[in-house]
Amino acid sequence: MRSEQPSFTDIEYGNRRRVLRREKFLESMDAVIPWARWVALIEPHYYADRPGKKGRKAKPVETMLRMYLLQAWFSLSDEGVEEAIYDSYAMRKFMALDFAFEQVPDATTLLHFRHLLEEHDLGAKLFADQNEIFDAQGWVMRGGSIVDATIIAAPSSTKNATGTRDPQMHQTKKGNQWYFGMKAHIGVDAGTGYVHSVTATAANVHDLDETVRLLRPDDQVVYTDAGYQGIANRPEITEDERLSKVEFRVAARKGVLKAMPEPDRAPQSVQAGVRAKVEHPFLVIKRDFGFTKTRYRGIAKNLNHLNVLFASANWLMRARAVALTG
């Protein structure tokens, strides 16, 4: 890890007139991520997998976690993130590395670390920890959720080692276009827009099938788009004592909305304003983090990745909200 004494490079970069957007983003994330808590969640599994192992000393958990997050946030390959850290002052600063004492972990070391997170479902644990902090701090509201899903494309090419497409990914039609890949389903706090639940399925699984897995025990109102028509009549809702009392505010279809008298459109407009909050986390992971196509084969690996991305998105949205309010 870097020493307390600033290097010549630190001094040189400190005299710049302009701070790049990447550096601002990394400084913001460095300040909000609960490093000690996340390291404590990973540490027991990390060192437990190395009893009696010979060879190079294990890299610190926080170093590997920082490198893994850089890979997730900038949508880089194992080799790509290693090279980017060497090339970017902002990334090297985020990694807290001083090249006079330590080099960047290589791509293979990062690969093993990512496999460790996937094997022990640690992405879900990091996401759950973030939600626990937000709840304890009173940063989320209760009683209402928004549910929605988005398609994440998967490579359809068979030019790979197995000569096949990912068997866990499937096709679905949206509008007049076919997509091959998976779906990310989320439940979002209706008051704040923070994501509290994440699931992943093949793209051909209907959004309705995942709804009950996205709701919180105290939700009384759930907002959805028109694709969730009929959700209140599903057996898993009507036959559950708690869920049968939930009010599902489903958006009217465009044709129905167009035929409505003007006074009846007002409630729909209000509901649309609430539902819009669910689009922000999707925007963050797709635009800010570049996750528009699956990086790994299989639903489970990509779900682990999604859990980390949505936990990061919540922290990023929180940091931006604090910055706006001063």
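This is a predicted model: local features need pLDDT of at least 70, side-chain atom pairs count only at pLDDT 80 or more; totals for chains, interfaces and linings use all residues.
Local features need pLDDT of at least 70 and side-chain atom pairs count only at pLDDT 80 or more, while totals for chains, interfaces and linings use all residues. Residues are numbered from 1 along each chain as its sequence is written, and side-chain values use heavy atoms, with hydrogens and water left out.

A pair of aromatic rings is described by the distance of the centres and the angle of the planes. Rings of Phe, Tyr and Trp (its six-membered ring) pair if their centres lie within 6.5 Å; planes under 30 degrees apart are stacked, over 60 edge-to-face, and the rest tilted. This rule gives twelve aromatic pairs. Phenylalanine 134 belongs to helix H8 (residues 122-136) and tyrosine 194 to the loop between strand E3 (177-189) and strand E4 (195-202), so the pair ties together parts 60 residues apart in sequence. Here helices (H or I, at least four residues) and strands (E, at least two) are DSSP runs, numbered from the N terminus.

One aromatic cluster is formed by Phe25, Trp35, Trp73, Phe74, Phe94 and Phe289.

Turning to helix H12 (residues 279-288), its buried residues are Pro281, Phe282, Val284 and Ile285. Seen down the axis of H12, they fall within an arc of 155° (taken from the directions from the helix axis to the C-beta atoms), so they line one face of the helix. After H12 comes glycine 290, with a positive phi near 70°.

Definitions and conventions. Buried means under 20% relative accessible area, exposed over 50%, partly exposed in between (1.4 Å probe, protein chains only).
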